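Hello,

Please find the structure below, handed over for your own work. My notes on its disulfides and aromatic contacts follow.

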Amino acid sequence: QLQLVESGGGLVQPGGSLRLSCAVSGFTLDNYAIGWFRQVPRKEREGVSCISSRSGDTNYRDSVKGRFTISRDNDKNTIYLQMNSLKPEDTAVYYCAAGVACGPSRSFRTWGRGIQVTVSS
């Protein structure tokens, strides 16, 4: 059974950092792309970053480029999202998801429950 569990969220001041983790079970990272998405109330879920399965190619939405870094540890079956220079507009529930390839959210079939990130002074 494929399962993803997010951790590492919380409250941080503007300019601060957080590292989100996505622990996966039931599959190996070599076979799935993993994406990070976020959502705020009354808005559509948006893609934040993605790492492809075999090549490890990464992509980011423009608003987080240079601040966020996605990485993976195949030995630990865990994906990370390092978030630096956080801004209040980064406040959202963050989800990780597994799919065949990086792409829109509808192409990801298995999702974690999400974790809250709040950037506020």
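Counting as disulfides those cysteine sulfur pairs that lie within 2.5 Å, the total comes to two. Please keep in mind that the model is predicted.

Cys-22 belongs to strand β3 (residues 18-25) and Cys-96 to strand β9 (residues 92-99), so the bond ties together parts that are 74 residues apart in sequence. Both Cys-22 and Cys-96 are buried.

The other disulfide is formed by Cys-50 and Cys-102, whose sulfur atoms are 2.0 Å apart. The link between Cys-50 and Cys-102 is left-handed, with -90° about the S-S bond. Cys-50 sits in strand β5 (residues 46-51), whereas Cys-102 is in the loop between β9 and β10 (108-111), so parts 52 residues apart in sequence are tied together by the pair. Cys-50 has a relative accessibility of 5% and therefore counts as buried. Cys-102, at 28% relative accessibility, counts as partly exposed. With the bonded cysteines of the chain numbered in sequence order, the pairing reads 1-3, 2-4.

Now to the aromatic side chains. The structure contains five aromatic pairs. One of them is Phe-37 with Phe-108, an edge-to-face pair with 5.1 Å from centre to centre and 75° between the planes. Phe-37 lies in strand β4 (residues 33-39) and Phe-108 in strand β10, so this pair ties together parts that are 71 residues apart in sequence. Phe-37 and Phe-108 are both buried.

Phe-37 also pairs with Trp-111, in a tilted arrangement: the ring centres are 4.8 Å apart and the angle between the planes is 50°. This pair likewise links distant parts of the chain, with Phe-37 in strand β4 and Trp-111 in strand β10, 74 residues apart. The relative accessibility of Phe-37 is 3%, so Phe-37 counts as buried. Trp-111 has 25% relative accessibility and therefore counts as partly exposed.

Phe-37, Phe-108 and Trp-111 belong, together with Tyr-95, to one aromatic cluster. Which residue has its charged end over the ring of Trp-111? That residue is Arg-45, 4.4 Å from the centre of the Trp-111 ring. Arg-45 also lies over the face of Tyr-95, where the distance to the ring centre is 4.1 Å.

Regards

Note on methods: Residues numbered from 1 in each chain as written. Predicted model: local features only at pLDDT ≥ 70, side-chain atom pairs only at ≥ 80, totals over all residues. Heavy atoms only, no water. Helix = DSSP H or I, 4+ residues; strand = E, 2+ residues; numbered from the N terminus. Buried < 20%, exposed > 50% of the residue type's maximum accessible area, 1.4 Å probe, protein only. Phe/Tyr/Trp six-rings, centres within 6.5 Å; stacked < 30°, edge-to-face > 60°. Lys NZ or Arg CZ within 6 Å of the ring centre and 35° of its normal.
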